[in-house]
Amino acid sequence: MASALTLRSITKHFGPLAAVDSFSLEVEQGSIFALLGPNGAGKTTIIRILTTLLRPDSGTALVGGFDVQRQGKEVRRLIGVVPQDNNLDRYLTARENLVMQARLHGMGAAETSRRVDELLDLVGLAGRRNDFPDTFSGGMQRRLVVARALVHTPRVLFLDEPTTGLDPQSRRAVWEYVESLKDSMTIFLTTHYMDEADALCDRIVIMDHGKALVDGTAAQLKDRMAHAHCYELQFRANTDHYESVLAGFPFVRSLQRTGDLFRLSLAGEESLKPLMDAIGTEDIRKICLREPTLEDVFIELTGREVRE
Ligand SMILES: Nc1ncnc2c1ncn2[C@@H]1O[C@H](COP(=O)(O)OP(=O)(O)OP(=O)(O)O)[C@@H](O)[C@H]1O
């Protein structure tokens with residue numbers, strides 16, 4: 001299948017820092033692709049290069065076959081961008097925000113009117129069309145930004161952390177909407193939510209320090225961890241004490257704590273006995289094996305939690 005996006009050996013420095021370091025990628029048309037990585041990995045820099053906001057130092061980037069450096073105008077016609085921040089015009093109503101975007105893309109009055117009303121309906125904001133964005137919840141503002149990115153019917157949609165800061169219900173609404181777009185366009189997203197990438201994406205690349213570390217479907221990435229020994233562990237008491245004990249073991253490869261529940265992976269099966277010997281059984285409420293998650297893959301590869 002044809003590529004919607006191509007990056008060939010893209011490098012971008014900020015001073016001595018290589019934010020993107022000889023990065024190559026092909027994204028197929030009509031797929032949902034996720035770029036994951038810890039803070040500062042280089043994800044936004046790649047989006048800014050692909051959306052013609054930033055010139056790379058070297059390498060080639062193509063969108064729909066057009067070169068982002070030499071054919072910026074053609075590229076901008078093909079893309080819709082949902083940036084990290086809700087950069088809506090607060091002095092324009094919801095509808096006017098979309099109409100403004102249509103004008104910028106040179107759409108005629110009749111087409112604009114039809115498309116804008118259709119989109120407001122689709123993102124569930126038709127009833128609020130004449131209200132100002134400042135009166136909207138975070139989720140509603142986000143949906144309006146997504147609608148604005150779609151006004152000119154782009155072929156590639158860039159979503160930079162589309163659901164950060166949203167409550168679970170609004171996140172679901174954005175997911176459903178993104179999924180419904182899948183057949184008509186290519187979607188390129190960055191996210192800090194592993195469940196989001198797992199649920200939505202056909203393909204995932206995890207990057208750090210400007211380089212790709214791994215590339216595949218969610219299932220393929222999780223298969224990499226098939227050898228890993230992942231456990232859930234919960235204590236009845238002294239949880240803080242056990243956290244420092246667990247963190248001190250060289251064979252505990254990753255450790256995450258949510259409330260009083262720990263998720264950890266061990267270097268091997270043989271590590272379980274010394275672990276149990278050291279922590280005893282007195283305070284243990286539960287210990288069980290669990291399936292590896294994308295989060296485990298992420299921590300294994302980057303050595304870091306998704307948000308630090
Ligand atoms: N305009 C800039 N000037 C200097 N350094 C920059 C600039 N933009 C990005 N950087 C640096 O480049 C690196 C990559 O930044 P980038 O924003 O691409 O990371 P990211 O993966 O999108 O992170 P996050 O998840 O926090 O958004 C970081 O170290 C960042 O501080």
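A: The model is predicted: local features need pLDDT of at least 70, side-chain atom pairs count only at pLDDT 80 or more, and totals for chains, interfaces and linings use all residues. Residues are numbered from 1 along each chain as its sequence is written. Helices (H or I, at least four residues) and strands (E, at least two) are DSSP runs, numbered from the N terminus.

Both faces of S7 are covered. Val156, Phe158 and Asp160 are buried on one side, and Leu157 and Leu159 on the other. In a regular strand the side chains alternate between the two faces of the sheet.

S7 has strand partners, where two strands pair if DSSP finds at least two bridges between them. S6 and S7 pair in the parallel sense over four bridges, and valine 81 stands opposite phenylalanine 158 in S7. S7 and S8 also run parallel, joined by five bridges; here valine 156 stands opposite threonine 186 in S8. Strands of a sheet pair through backbone hydrogen bonds, either parallel or antiparallel.

Next come the helices. Strand S7 (156-160) is part of what covers the buried residues of H5, as are strand S6 (79-82), helix H3 (94-104), helix H4 (109-122) and H6; two residues are in contact if their C-beta atoms, placed from the backbone, lie within 7 Å. H5 is mostly covered, with 11 of its 13 residues buried. Among the buried residues of H5 are Met140, Leu144, Val145 and Val146, and also the arginines Arg142, Arg143 and Arg148. At 1.5 Å a residue, the 13 residues of H5 should span 18 Å, and its end C-alpha atoms are 19 Å apart, which agrees; the expected span of a helix is 1.5 Å times one less than its number of residues.

H6 (residues 168-181) has 14 residues that should span 20 Å at 1.5 Å a residue, and its end C-alpha atoms are 20 Å apart, which agrees. In H6, Arg171, Val174 and Val178 are buried. They cover an arc of only 65° around the axis, which puts them on the same side of H6; the arc is that of the directions from the helix axis to the C-beta atoms. An α-helix has 3.6 residues a turn, so residues three or four places apart point the same way. The face of H6 turned away from its buried side carries the exposed residues Gln169, Glu176 and Ser180. What covers the buried residues of H6 includes helix H5 (138-150), strand S8 (186-190) and helix H7 (194-200).

Strand S9 (residues 203-208) and strand S10 (residues 211-216) pair in the antiparallel sense over five bridges, with valine 205 opposite aspartate 215 in S10. Two residues lie between S9 and S10, and histidine 209 in the turn has a positive phi of about 50°.

Note on methods: Buried ≥ 20, exposed ≤ 12 C-beta atoms within 10 Å, placed from the backbone.
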